Amino acid sequence: MSRLRPAWVEIDFGALKHNVGLVRRRVGPKVRIFAVVKSHGFGCGAGPAGRAAIDGGADALAVGDPDDVREIRRAGIDVPVLLYASTTPDVAGEVVALGAIVTIHDLESLHAFAAVDRPVEAFVKVEAGLGRLGVPRKDWGEVFETASRSDTLRLTGIYTHLNAPDDADEIAQQIARYDDACRQAEDMGLPGLTRMVASSLVTLGYPGLRYDAVNPGRFLFGLVEGKWAEIDAARPVIAAVRSRVIQVKEFAAGATVGFLGSKPLERATRLAVLPLGFGDGLNHLPPLGELLVEGRRAPIIARRGIEHAVIDATGIPGVRVGSDAVLLGRQGGDEITAAELAGWLNLPVLELLPRLARTLPRQYLD
């Protein structure tokens, strides 16, 4: 935690280890767990998050940014790391040099990685219905044939990203396409490829689709919402957002406070300022929600600055410079949950919390 700026996010890697354990109990000992620590470990740091995931029982890691691979390797983590499709063909050699399992997601990436003059381990991502990334059916044959004949390209896995986990019929149609791709790969001389289709929600909701490996991410960080969160109780890794009051001001009834508008105050008002603003990943304009200070809820008012927030602390005794404030987490007998905070700001938990973890100073609890 920065001791100069009193605003920080608390990261609980004990929770991450616990959540990996939940997945292990769910999938059993034979299914490999590729713990997804993409987007800089969901804001928590790819290196430390990767270390916690492996310590918790994961077999491998998966990321979506080459810089995350670099951070993981610099942390001394020597496990397989799958790099999701995120680069252009012209840098294929540099990507291979990172020491990750690369992803072939189209013919351009296929030929670029096949042309690298050193051994290349790759997974192929096939298009099964999501429509974003993946080799379409018409190109499966060329991918499998090229891989089977290559002296340097070693295809070891085949995966896809399923769409609409709430729709079992749609999932079944996508799996039929994926299974077709796996059969075609075997027919073309590529048996024994690692099969993987289960991200967090599929791992939770579709036991029959765990195949050889699963790649959960948001569940491991406690970022699953709604009915999916009820299936298994993941602990939040992004555990709290805290700050301290840096100024308190008293205004008499009838005073004009420009920050609040041009109308005179109707009552005596006590305002407190915290060094936590929209530059940290929050929002600028209302609704702004509340926070906890001195064990009580106080509304965040008017608008949030790029580096400041103002609360109405009127009627809350004890608020002073240095008072602890909690934007997310527990204080006294009350708690502001991730769902509550995200609801005020009209953002999904999956978007909001990693954003805060990425921008605020981090304090690691484990």
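This is a predicted model: local features need pLDDT of at least 70, side-chain atom pairs count only at pLDDT 80 or more; totals for chains, interfaces and linings use all residues.

Reply: Residues are numbered from 1 along each chain as its sequence is written, and side-chain values use heavy atoms, with hydrogens and water left out.

Me: How many helices and strands does the protein have?
Reply: Helices (H or I, at least four residues) and strands (E, at least two) are taken as DSSP runs and numbered from the N terminus. Over a C-alpha trace that spans about 80 × 40 × 35 Å along its principal axes, the secondary structure comes to twelve helices and 18 strands.

Me: What percentage of the 366 residues in the protein is buried?
Reply: A residue is called buried under 20% relative accessible area, exposed over 50%, and partly exposed in between, with a 1.4 Å probe and protein chains only. By that rule, the buried part of the 366 residues in the protein is 51%.

Me: What is the volume of the largest pocket?
Reply: On a 1 Å grid over the protein atoms alone, a pocket is an open set of points where a 1.4 Å probe fits, with protein on both sides within 12 Å along at least five of seven lines, and lining residues have an atom within 4 Å of a point. Grid points are joined across faces, edges and corners, and the volume is the space filled by probe spheres set on the points. For the largest pocket this space is about 700 Å³.

Me: Which residues lie nearest the centre of the largest pocket?
Reply: Helix H2 (38-42), helix H9 (200-205) and helix H12 (349-359) are the elements that give two or more residues to the lining of the largest pocket. With Ala, Val, Leu, Ile, Met, Phe, Trp, Tyr, Cys and Pro counted as nonpolar, Asp, Glu, Lys and Arg as charged, and the others, Gly among them, as polar, this lining has 15 nonpolar, nine polar and five charged residues. Of the 29 lining residues, those nearest the centre are Lys38, Tyr84, Arg132, His161 and Ser199.

Me: Which residues are closest to the centre of the second largest pocket?
Reply: The second largest pocket has a volume of about 300 Å³, and its lining has ten nonpolar, three polar and four charged residues. Strand S10 (238-244), strand S16 (324-331), strand S17 (334-336) and helix H11 (338-345) each supply at least two of the lining residues. Among the 17 residues that line this pocket, the closest to its centre are Pro236, Glu335, Thr337, Ala338 and Ala339.

Me: Why is helix H3 largely enclosed by the rest of the structure?
Reply: The buried residues of H3 are Ala46, Gly47, Ala49, Gly50, Ala52, Ala53 and Ile54. What covers them, with contact taken as heavy atoms within 4.5 Å, includes H1, strand S2 (32-36), H2, strand S3 (60-63) and helix H4 (66-74). Helix H3 (residues 46-55) is largely enclosed because its buried residues number seven of the ten.

Me: Which backbone oxygen does the side chain of Asn19 reach?
Reply: Asn19 is found in helix H1 (residues 13-27) and counts as buried because its relative accessibility is 0%. Leaving aside neighbours within four places in sequence, Asn19 is in contact with residues including Phe219, Leu220 and Phe221. At 2.8 Å, the side chain of Asn19 reaches the backbone oxygen of Leu220.

Me: Is Ser148 buried or partly exposed?
Reply: Ser148 is found in helix H7 (residues 137-149), and beyond its neighbours within four places in sequence it is in contact with Met188 and Leu190. Because its relative accessibility is 34%, Ser148 counts as partly exposed.

Me: How many disulfides does the structure hold?
Reply: A disulfide is a pair of cysteine sulfur atoms within 2.5 Å. Cys44 counts as buried at 0% relative accessibility, and Cys182 counts as buried at 10%. The number of disulfides in the structure is zero.

Conventions. A polar contact is a pair of N or O atoms within 3.5 Å; within protein, one must be able to donate a hydrogen and the other to accept it, and residues adjacent in sequence count only if both atoms are side-chain atoms.
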